[in-house]
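Please look over the following protein model. The report after it goes through selected residues, then the fold and its contacts.

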Amino acid sequence: MYSEGDRMSDKPFYINEQVQELIDEYINPGLEMHNGSVELVNIISKGASWEVALNFNGGCLGCPSSEGATLKNIEFFLSENLCAPGLTVINANGQSYAKE
């Protein structure tokens, strides 16, 4: 999606759209095989990187993997595709995050 030298920290106005596009086109279709999905709750700037808060829904809600392997795989996928190595993803279910 982005070239190696193209950092998301240089593109703060586009990160919401880019994350949502990756969720819609790649992440949720994979999770649908398990009757689940994720919803983008918020993206918070953390210095030169980002914290992405997601709600897990359907079959993913309450699944132990949503706190483990699935969460880490989503984090890896987003950080690689957005050229944002410090990007982190958190499970926001049950926590209050105001959309910005």
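Asn-35 counts as exposed, because its relative accessibility is 65% and exposed means over 50% relative accessible area, buried under 20%, and partly exposed in between (1.4 Å probe, protein chains only). Asn-35 sits in the loop between helix 1 and strand 1; helices (H or I, at least four residues) and strands (E, at least two) are DSSP runs, numbered from the N terminus. The phi angle of Asn-35 is near 60 degrees, a positive value in a residue other than glycine. Most residues other than glycine have a negative phi.

The model is predicted: local features need pLDDT of at least 70, side-chain atom pairs count only at pLDDT 80 or more, and totals for chains, interfaces and linings use all residues. Residues are numbered from 1 along each chain as its sequence is written, and side-chain values use heavy atoms, with hydrogens and water left out.

Cys-83 also has a positive phi in a residue other than glycine, near 50 degrees. Cys-83 is in the loop between helix 2 and strand 3. Is Cys-83 buried or exposed? Cys-83 is buried, with a relative accessible area of 8%.

## Fold and surface

The protein has 2 helices and 3 strands. Along the sequence they follow the pattern α-β-β-α-β. Of the 100 residues in the protein, 41% are buried. Among contacts between residues at least 6 apart in sequence, 53% join residues at least 24 apart; a contact means heavy atoms within 4.5 Å.

The accessible surface comes to about 5,600 Å², and carbon and sulfur atoms account for 51% of this surface. Accessible areas come from the Shrake-Rupley method with a 1.4 Å probe; for residues, only the protein chains shown count as cover.

## Nonpolar core

In soluble globular proteins, nonpolar side chains tend to be buried together. Here the largest nonpolar core has 21 residues, and those with the most contacts inside it are Val-19, Val-52 and Leu-78. A nonpolar core is a set of buried Ala, Val, Leu, Ile, Met, Phe, Trp, Tyr and Cys residues joined through side-chain atoms within 4.5 Å. At least two residues of this core come from each of helix 1 (15-31), strand 1 (36-46), strand 2 (49-58) and helix 2 (69-81). Helix 1 supplies the largest share, 6 residues.

Which residues does Leu-78 touch, not counting those up to four places away in sequence? They are Val-19, Leu-22, Ile-27, Val-52, Leu-87 and Val-89.

## Pairs involving helix 2

The count of salt bridges is 1. A salt bridge is a side-chain nitrogen of Lys or Arg within 4 Å of a carboxyl oxygen of Asp or Glu. Lys-72 forms one with Glu-75, and the closest N and O atoms are 3.5 Å apart. Both residues, Lys-72 and Glu-75, lie in helix 2, 3 residues apart, about one turn of the helix. Glu-75 is buried at 14% relative accessible area.

A search of the whole structure finds 1 aromatic pair. The rings of Tyr-26 and Phe-77 have centres 5.7 Å apart and planes at 55 degrees, so the pair is tilted. By the rule, rings of Phe, Tyr and Trp (its six-membered ring) pair if their centres lie within 6.5 Å; planes under 30 degrees apart count as stacked, over 60 as edge-to-face and the rest as tilted. Because Tyr-26 lies in helix 1 and Phe-77 in helix 2, the pair ties together parts that are 51 residues apart in sequence. Tyr-26 is partly exposed, with a relative accessible area of 48%, and Phe-77 is partly exposed at 25%.

Asn-91 lies in strand 3 (residues 88-91) and is buried, with a relative accessible area of 9%. A polar atom of the Asn-91 side chain is 2.9 Å from the backbone nitrogen of Asn-93. Not counting residues up to four places away in sequence, Asn-91 touches Leu-54, Phe-56, Ser-66, Glu-67 and Leu-71.

Ala-84 is in the loop between helix 2 and strand 3 and counts as buried at 7% relative accessibility. Ala-84 and Ser-49 are 35 residues apart in sequence, with their C-alpha atoms 6.5 Å apart in space.

Technical notes. Polar contact = N/O pair within 3.5 Å; in protein donor to acceptor, adjacent residues only side chain to side chain.
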